[in-house]
Amino acid sequence: MRDRRVLAVAGAIGVSVTMAVSASVHAQQTTLGKPAALVGIHKIRHIIVIMQENRSFDSYFGTYPGADGIPAGVCLHDPRGGCRKPYADHHDHNFNQPHGAGGFYADVNGGKMNGFVAESETLCKPGTPCRTGVMGHHVGSDIPSYWAYAQNYVLNDHMFESSHSWSTPAHLYEVSGWSAKCSVPHDPVSCTSVDYPAKRSASHPTPYAWTDLTWLLHRNHVSWSYYLDHGAYTPAHHAGVPLIWNVLPGFTDVHADGQLGSIRPLSIFMAQAKAGTLLRVSWISPDRRDSEHGPALVSTGQAYVTRIINAVMRSPNWKSSAIFLAWDDWGGFYDHVVPPHVDSLGYGIRVPALVISPYAKLGYIDHQRLSFDAYLKFIEDDFLGGARLNPATDGRRDSRPDVRERASVLGNLVHDFNFTQTPRPPLILPPCPSNTTLVPLPKTGCTDSTPLHASTWGDS
C-alpha cells in the first residue's frame, strides 16, 4: 500500500507578505505533493545495512555527550548483596549475557529497568565469584571509530530491537518485519507471532513461509544481496556466518523467486564497492569473530565494520549511498530506557545505531523512536514508491497481525538526512586505531584469537 502525505501550499492574491513568503518557502520544500525529504531520498541509490551483535545502547554510547545516556545515581540490586553501579569497562573481551525473551522480561522488570544484574547472575555457579560485566560500558576511547561516526554523521539514541528476544527474531525482522512460526510448511497464512521461531536446519531448510522484503524487491526489479562474512558457516567451514544470523535462505519466497544466488560472500560486496557496482540494497551479516558478540573481541568487530565502511567511502558509489549500522539485540547489557510497546513481540531493548552518508546531518543525535522496521520503511520509500509488506496489498498473503512500517510510534529515517547539502567527503578511519584504551591492547590488525566454542552460539 502506498502511503502519501499531501501538504497544501498556502498563498493567494490578497494574503499578507508574510504568508506569501511562507508559502514560497513551503513550495520550495515540496515537489509533487511530497515532503522535500521524500523527494531527496531518491539521491540515495545504494542502501547498506550492517548488523552487528549483542550490545545495548548504554553499553556503547551511554556516556556520549548529548545522547540519552546512563542516568546519574543508578545502582541495581544484586541478589548476592548490595547493588551494582555502571562503570567503564575497558576490556576487549566481554561476557555473553541472557538475552532471550525471558531475559528481556527479567531485565525490564515491568518498566523498572532494574533486573539486569539479577538476571545475569542466573548464569553464575553457587559458591564461586560472579563477574558478569553486565553493568560495564565502553567509552569513546575504547571504540573511537564508532564515536567518530557519531560525531560526523548521525547517532540514533532511541533505536530499539524490533523483537524483545534474541538474534534470530531480530534478523527476521531486519528483512521481513516479523518473527513467526508456521504450523503448515510453505503456508504463509499458517504463521503466528513467536519470540522463538524455528531455526533453519538441514532437516527443515525453509521454516519461514511468510513474506520478506526481497519478494517486493524482486518483483519490482530492485537489485539486492545478503552478504555473508567469510561465507556461510558449515560443519566443515567454521569461519562463516552461523545459520541463526543467515536467515534469508530459510524463506520460501526466496526459493520461489530463484534468488538463492543473491546470498553471497562478503568478498563480492567489497569487489562491487571498489568497482562502483553496488546493488540497490545490501544486507551484511558478520561471522562470529567479527560480530562483537561475547566472547568475540570488540576491537575485531570495530575493525571489520570500519573496513566495510571505508570500502563504501572509497567507492565511486559513495555519493549516492546510505549506510545503516546497528546491533541486533542488547546482549543482556544494561540499558535504562523503557522500550515502547508496539505489539506482542516488541519493541525490545535499545541498541546502538548510526546513519552514515554524504547526505547525513553532521553530528546529529536523532531522538525519534525507531526500530529495524525503519530500515524496511526507508528502502520501501526509496525504491518501492512507499509499498509496504502488507498482506492486503503486497500480492502474497500471510497472517502477520500488523504492518510494522506503519506503526504510529515509528519514526522516519529521512529526518537524519539533509538532501540539499553538498555531499560530504568520506571519513576514512584506521580499522585498528592506535589510540584505543581497550585492554589488553589489540594485536596488530585487531585480529581475534579468542577461543569461540560452538556451544557459545546456541541462543545468540
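Reader: Is Cys 182 buried or exposed?
Author: Cys 182 is buried in this predicted model. Its relative accessible area is 15%.

Reader: What does Cys 182 join to?
Author: A disulfide links Cys 182 to Cys 191. The S to S distance is 2.1 Å.

Reader: And Cys 191, buried or exposed?
Author: Cys 191 is buried, at 1% relative accessible area.

Reader: Which hand does that disulfide have?
Author: The disulfide of Cys 182 and Cys 191 is right-handed, because the torsion about its S-S bond is about 95°.

Reader: How many disulfides in the whole structure?
Author: The search finds 4 disulfides.

Reader: What is the pairing, in sequence order?
Author: Number the bonded cysteines along the chain, and the pairing reads 1-2, 3-4, 5-6, 7-8.

Reader: Where does Cys 75 go?
Author: Cys 75 is joined to Cys 83 by a disulfide, S to S 1.9 Å. That link is right-handed, with 90° about the S-S bond.

Reader: How accessible are those two, Cys 75 and Cys 83?
Author: Cys 75 is partly exposed, at 26% relative accessibility. Cys 83 is partly exposed too, with a relative accessible area of 36%.

Reader: What about Cys 124?
Author: Cys 124 pairs with Cys 130 in a disulfide, S to S 1.7 Å. The torsion about the S-S bond is about 45°, so this disulfide is right-handed.

Reader: Cys 124 itself, buried or exposed?
Author: Cys 124 counts as buried, because its relative accessibility is 19% and the cut-off for buried is under 20%.

Reader: Switching to charges. How many salt bridges?
Author: The structure holds 11 salt bridges.

Reader: Who does Arg 45 meet?
Author: The side chain of Arg 45 meets that of Asp 382 in a salt bridge, 3.9 Å from N to O. The pair links distant parts of the chain, 337 residues apart.

Reader: Where do the two residues sit?
Author: Arg 45 is in the loop between helix 2 (36-40) and strand 3 (46-52). Asp 382 lies in helix 12 (residues 373-383).

Reader: What does Arg 289 pair with?
Author: Arg 289 forms a salt bridge with Asp 448. The closest N and O atoms are 3.9 Å apart. This pair also links distant parts of the chain, 159 residues apart. Arg 289 is in the loop between strand 14 (281-285) and helix 11 (298-314), and Asp 448 is in the segment after helix 12.

Reader: How accessible are Arg 289 and Asp 448?
Author: Arg 289 is partly exposed, with a relative accessible area of 33%. Asp 448 counts as buried, at 9%.

Reader: What about Glu 380?
Author: Glu 380 forms a salt bridge with Arg 388, with the closest N and O atoms 3.0 Å apart. Glu 380 counts as buried, at 0% relative accessibility. Arg 388 is buried as well, at 3%.

Reader: Now helix 4. Which residues are buried?
Author: In helix 4 (residues 101-108), the buried residues are Ala 101, Gly 103, Phe 104, Asp 107 and Val 108. They are on the same side of helix 4, because they cover an arc of only 160° around the axis.

Reader: What covers them?
Author: The cover over the buried residues of helix 4 includes helix 5 (116-120).

Reader: What comes just after helix 4?
Author: Asn 109 does, and it takes a positive phi of about 50°.

Reader: Last topic. How do helix 6 and helix 11 cross?
Author: The axes of helix 6 (residues 144-152) and helix 11 cross at roughly 45° and come within 9 Å. That angle makes helix 6 oblique to helix 11.

Reader: Which residues make the contact?
Author: From helix 6, the contact is made by Pro 144, Ser 145, Tyr 146 and Tyr 149. On helix 11, the residues include Gly 301, Gln 302, Val 305 and Met 313.

Technical notes. Residues numbered from 1 in each chain as written. Predicted model: local features only at pLDDT ≥ 70, side-chain atom pairs only at ≥ 80, totals over all residues. Heavy atoms only, no water. Salt bridge = Lys/Arg side-chain N within 4 Å of Asp/Glu carboxyl O. Helix = DSSP H or I, 4+ residues; strand = E, 2+ residues; numbered from the N terminus. Buried < 20%, exposed > 50% of the residue type's maximum accessible area, 1.4 Å probe, protein only. Arc of directions from axis to C-beta. Contact = heavy atoms within 4.5 Å. Disulfide = S-S within 2.5 Å. Axes fitted to C-alpha atoms, helices over the stretch in contact; angles between N-to-C directions. Parallel < 35°, antiparallel > 145°, perpendicular 65-115°, else oblique.
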